[in-house]
Amino acid sequence: MSMNLENVRVITHSAVRIALPNGGALYFDPFDLTDADAAHDARYLFITHPHYDHLSPKDAERVMNETTEVIAPATIAGDITALGAAKTHLLAPGDELEIDGATVLAVPSYNTDPARLEKHPQERGWLGYVVTIDGVRYYVAGDTDENENIDQVSCDVAIIPIGGTFTMDPHQAAAFVNTIRPQAAIPTHFGNIVGSFEDADTFASEVGPSIKVVTKMER
């Protein structure tokens with residue numbers, strides 16, 4: 001695996017772009033994009049849950065084109081209709097999907113911390129995704145706390161939230177990464193609505209030395 005991860009970009013907050021080797025890209029939760037980010041090159045657009053900073057129709061429009069397919073939790077089908085995708089794949093936790101150039105495993109994404117249980121309840125069926133491209137497994141976690149389900153995730157690259165308030169904080173995120181032991185970890189969900197670049201530094205300092213931490217967001 002190329003450890004520089006040049007094919008992965010964290011645009012802002014939890015907006016992630018993974019370039020595909022045969023052209024185009026996968027996008028996850030585009031939000032707060034600029035005109036410069038409006039590439040309209042999404043082959044697949046992944047939505048983890050319906051909160052405004054993850055499901056933003058105006059930002060989805062900036063990356064979508066007439067052939068873009070959307071992958072989203074089955075529980076938010078009504079919210080996804082407005083995106084006008086060429087095709088929509090609605091998944092529940094544990095579902096698997098074969099798409100052109102990748103395979104997808106839907107993973108539960110939910111809070112367990114008592115202070116934020118109402119933000120992302122398990123019963124909502126919201127998702128993270130493990131996407132395998134050329135044998136490399138990328139886990140894009142969505143908004144979640146560590147829980148018994150995601151402790152079972154097997155991945156090479158963990159792209160996970162660290163900002164606290166609505167998700168794991170940097171200490172909890174580092175402990176989680178040390179549990180699942182990917183080859184590399186990329187922090188998200190900081191530097192915009194919640195979380196700071198100091199959180200990213202804290203996260204990196206607490207992740208085990210065998211795991212490469214790559215901070216993709218620009219300061």
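1. Let's start with serine 109, which sits in the loop between β8 (102-108) and β9 (127-133). Helices (H or I, at least four residues) and strands (E, at least two) are DSSP runs, numbered from the N terminus. You are looking at a predicted model, in which local features need pLDDT of at least 70 and side-chain atom pairs count only at pLDDT 80 or more, while totals for chains, interfaces and linings use all residues. Residues are numbered from 1 along each chain as its sequence is written, and side-chain values use heavy atoms, with hydrogens and water left out.

2. Is serine 109 buried or exposed? With a relative accessibility of 3%, serine 109 counts as buried; the word means under 20% relative accessible area, whereas exposed means over 50% and partly exposed lies in between (1.4 Å probe, protein chains only). The side chain of serine 109 reaches the backbone oxygen of aspartate 143 at 2.8 Å. That is a polar contact: a pair of N or O atoms within 3.5 Å, where within protein one must be able to donate a hydrogen and the other to accept it, and residues adjacent in sequence count only if both atoms are side-chain atoms. Setting aside neighbours within four places in sequence, serine 109 is in contact (heavy atoms within 4.5 Å) with Trp126, Leu127, Gly128, Ala141, Gly142, Asp143 and Thr144.

3. Now look at proline 108, in strand β8. Proline 108 is buried, at 16% relative accessible area. Not counting residues up to four places away in sequence, proline 108 touches Pro93, Trp126, Gly128, Asn149 and Ile150. The C-alpha atoms of proline 108 and aspartate 143 are separated by 10.0 Å, and the two residues are 35 apart along the chain.

4. Six strands form an open sheet with mixed pairing, in the order β1-β2-β3-β4-β5-β6. Two strands pair if DSSP finds at least two bridges between them. At the edges stand β1 (8-12) and β6 (87-91), and each has a single partner strand, so one side of each is left without a neighbour in the sheet. On average, neighbouring strands of this sheet are turned by 20° against each other, direction ignored.

5. How do the strands in this sheet run? Strands of a sheet pair through backbone hydrogen bonds, either parallel or antiparallel. Strand β2 (residues 15-19) and β3 run antiparallel and are joined by four bridges; here arginine 17 has tyrosine 27 in β3 as its bridge partner. Strand β3 (residues 25-28) and β4 run parallel, also with four bridges between them. In that pair, alanine 25 has alanine 42 in β4 as its bridge partner.

6. With strand β5 (residues 69-73), β4 pairs in the parallel sense over three bridges, and tyrosine 44 has glutamate 69 in β5 as its bridge partner. From β4 the chain crosses through helix α1 (residues 57-63) to β5, a right-handed β-α-β crossover. Right-handed here means that, with the strands pointing away from the viewer, the path from the first strand over the helix to the second runs clockwise.

7. Two loop residues have backbone angles worth checking. Most residues other than glycine have a negative phi. Aspartate 29, though, has a positive phi near 50°. Aspartate 29 lies in the loop between β3 and β4 and is buried, at 2% relative accessible area. For histidine 189, phi is positive at about 60° although this residue is not a glycine. Histidine 189 lies in the loop between β12 (184-188) and α4 and is buried, at 0% relative accessible area.

8. Where is isoleucine 162? Isoleucine 162 is in the loop between β11 (157-161) and α3 (170-180), and is buried with a relative accessible area of 0%. From C-alpha to C-alpha, isoleucine 162 and phenylalanine 190 are 6.6 Å apart in space, yet 28 residues apart in sequence. Beyond four places in sequence, the contacts of isoleucine 162 include Pro170, Ala173, His189, Phe190, Asp199 and Phe203.

Notes
Axes are lines fitted to C-alpha atoms, for helices over the stretch in contact, and angles run from 0 to 180 degrees between N-to-C directions.
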